[in-house]
Amino acid sequence: MTILNILKEPHPILRKKSQLVHEVDNNLRKLMDNMLQTMYNAPGIGLAAPQVGILQRVVVIDISKDNEFKKPLFFVNPEITWRSEEVETREEGCLSIPGYYAEVTRSIRCKVNYTDYNGSPQELNANGLLATCIQHEVDHCNGVLFIDYLSKLKKDMIIKKLLKTKKEKKIL
Ligand code: NI
């Protein structure tokens with residue numbers, strides 16, 4: 001298993017739309033395994049392939065608590081087919097936006113169609129934290145980050161600070 005490099009905002013790849021995956025093969029499973037390891041290592045509860053520089057619609061999520069058994073979920077070509085009108089506001093963070101958290105309002109429930117680790121089609125009804133996480137990660141596949149939901153002033157301020165950190169650390 002390999003720990004992959006997580007791209008940080010601002011990075012052009014994070015703003016690109018990811019491509020549909022045509023086949024779940026061993027290469028893709030290897031990518032998903034590495035993404036999961038990278039996410040656990042960070043640590044985080046969700047990671048999308050564009051965050052590791054791969055523009056494919058692949059997402060890994062695990063919202064289990066530290067003291068519970070791990071419950072990894074693998075989503076290939078996740079498509080949100082329904083979002084509840086009822087919304088909730090949660091504090092979100094992102095492995096590509098380290099150190100920043102902000103409240104984002106999203107649907108409290110959603111329905112997602114996807115292909116699983118074994119290549120089988122699945123449908124999942126999600127709510128609460130999992131629903132938030134799925135919407136956040138599917139956004140990544142469309143080049144959208146949670147800071148896009150903030151005011152322009154707040155978003156620009158965060159990007160400016162991230163850019164400064166990058167320059168200091170020379171991680172551009
Ligand atoms: Ni994220």
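The model is predicted, so local features need pLDDT of at least 70 and side-chain atom pairs count only at pLDDT 80 or more, while totals for chains, interfaces and linings use all residues. Residues are numbered from 1 along each chain as its sequence is written, and side-chain values use heavy atoms, with hydrogens and water left out.

**View 1. The fold of the protein chain.**
The protein chain contains 3 helices and 7 strands, where helices (H or I, at least four residues) and strands (E, at least two) are DSSP runs numbered from the N terminus. Read from the N terminus on, the order of these elements is α-β-β-β-β-β-β-β-α-α. The C-alpha trace spans about 45 × 40 × 35 Å along its principal axes. The radius of gyration of the protein chain is 16 Å, which agrees with the value near 16 Å for a compact globule of 172 residues; this radius is taken over C-alpha atoms, and the globule rule is 2.2 Å times the number of residues to the power 0.38.

Among contacts with a separation of 6 or more, 64% join residues 24 or more positions apart, a contact being heavy atoms within 4.5 Å.

The nickel ion is coordinated by C94 (SG), H136 (NE2) and H140 (NE2), at 2.1 to 2.3 Å. Donors are N, O and S atoms within 2.8 Å of the metal (3.2 Å for Na, K and Ca), and sites may look incomplete because water is not among the atoms. The donor residues follow the sequence spacing C-x41-H-x3-H.

**View 2. The surroundings of G143.**
G143 lies in the loop between α2 and α3 (152–169), and G143 is buried, with a relative accessible area of 8%. Leaving aside residues up to four places away in sequence, G143 touches L14, R15, K16 and D148. Although G143 and K17 are 126 residues apart in sequence, their C-alpha atoms are 5.1 Å apart in space.

Methods: Buried < 20%, exposed > 50% of the residue type's maximum accessible area, 1.4 Å probe, protein only.
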